[in-house]
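Here are a few exercises to work through with the model open in your viewer. Try each task before you read its solution.

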Amino acid sequence: MTAGTALRAVIGIALLTVMDAVIKAQMQQHPFILALFMRFAAGGLCALIVLALARPAFPTRESLIGNTLRIPLVVLTAGSFFYSISQLPLAEALTLSFLAPVFVALLGGLLLKEKLDSRIFQALGFGLAGMLVMVWPRLQGGVTGAELGVAAALFSAVSYAFNLILLRRIAVKEHPAVIVAFQTCGPALCLAIPAWFAFMPMTARDLFVYVCAGMLGVAGHLTLTSAFARAPASRLAPIEYTALIWASLLGFAFFDEIPLWTTYAGALLIVAGAIAVSRR
C-alpha cells in the first residue's frame, strides 16, 4: 500500500466524520427524520452531478437488483447511526460502529458458509468486552436517550455488516459513482413521505449546510472507494479507526463533548478485535 493510498483513506474517513458532525448539529434544530432525509437528498443531488460528469456505463441487471436491495439496509444503517449520534457523544457512537468488521466476519460464516476460525471468536470476545466497558456507565439507571443511543449504534453496526454481506453475496462490480448515486438517491426517495409530515421551514443557511453535508458525504465515499480500489481491505481497515480522533476533536470543539475514559478503553478492545479479524 502506497502513502498516497493511505492518505486517500485518511481523507475519506475525515470527510465522512465531518459530515456526521454537521448532521448532528442540524438534528439539534430539525426533527430527526427531516435531517436524515435532507442528508440523503443533498447527497443525492451531489451524486447525480458526479454521475453526469463521470458518465459511467449503464448498470447491469445484476447491479440494478443488488443496489436496489441495498437501499432499505442503507436507510436502516444510516437512520440508526444518526439517531445514535443525536443521543451519544460523537466519539462514543463512532467507536461502537467499529464492531461492524467483527459482525461481518461472524455473519460471513453463518450466512455464506465461510470458515469460522478461532480468531473470529477471539475478536468477538474482544469486541463484546470493549462494548461492555464503554457502555457500562450508560447502563446505570432506567432506559433513557443514552441507552437508546447505544442500542441504535449497535443495531447500526449489525445492519452495516448485513449490508456488506449482501454486497459480497451478489458480487456487485460497478463504477463508484453509480453505487454512491444508488445509496443516496434511493434512501432520499424512501424518506420523502415521512419527512414531509415532519417538515418545517428552513433558512437559506440550513439549505447551504445540508448541501455541504451532501458534498462531504459524496466526496468521502468516492475517496474511500478509490482507496479500496488500490489496496486490500485488510490493509486499509486500521485506517478507519482514525475516525475516533476526528470524532473526539469535533465533539470537543463543537459540542463540548469530553468522552469518558471508558470510551477509549473500550475502543482499544474493539479495535484489537477488529484488527484480528482483518488479518485472519
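Contact here means heavy atoms within 4.5 Å. Keep in mind that this is a predicted model.

**Exercise 1.** Work out where Ala213 sits and which residues it touches, leaving out those up to four places away in sequence.

*Solution.* 
- Start with the element: Ala213 belongs to helix 9, which spans residues 204-228.
- Next, check the burial. The cut-off for buried is under 20% relative accessible area. Ala213 has a relative accessible area of 0%, so Ala213 is buried.
- Now list the contacts: with residues up to four places away in sequence set aside, Ala213 touches Met19, Val22 and Ile23.
- Finally, take a C-alpha to C-alpha distance: Leu16 is 197 residues from Ala213 in sequence, yet the two are 8.9 Å apart in space.

**Exercise 2.** Describe the second largest pocket: what is its volume, and which residues line it?

*Solution.* 
- Volume comes out at about 160 Å³.
- The lining consists of Val18, Ala21, Val22, Ala25, Gln26, Gln29, Arg205, Val209, Leu250, Phe254 and Phe255.
- Sort these by element: helix 1 (3-26), helix 9 and helix 11 (243-255) are the ones giving two or more residues. Helix 1 gives the most, with five.

**Exercise 3.** Find the residues with the most contacts inside the largest nonpolar core.

*Solution.* 
- That core has 58 residues, and Phe82 and Leu96 have the most contacts inside it.
- Another core, of five residues, lies apart from it, and includes Cys46, Ala47, Val180 and Val218.

Conventions. Residues are numbered from 1 along each chain as its sequence is written. This is a predicted model: local features need pLDDT of at least 70, side-chain atom pairs count only at pLDDT 80 or more; totals for chains, interfaces and linings use all residues. Side-chain values use heavy atoms; hydrogens and water are left out. A nonpolar core is a set of buried Ala, Val, Leu, Ile, Met, Phe, Trp, Tyr and Cys residues joined through side-chain atoms within 4.5 Å. Buried means under 20% relative accessible area, exposed over 50%, partly exposed in between (1.4 Å probe, protein chains only). Helices (H or I, at least four residues) and strands (E, at least two) are DSSP runs, numbered from the N terminus. On a 1 Å grid over the protein atoms alone, a cavity is a set of points where a 1.4 Å probe fits but cannot get out, and a pocket is an open set with protein on both sides within 12 Å along at least five of seven lines; lining residues have an atom within 4 Å of a point. Grid points are joined across faces, edges and corners, and a volume is the space filled by probe spheres set on the points.
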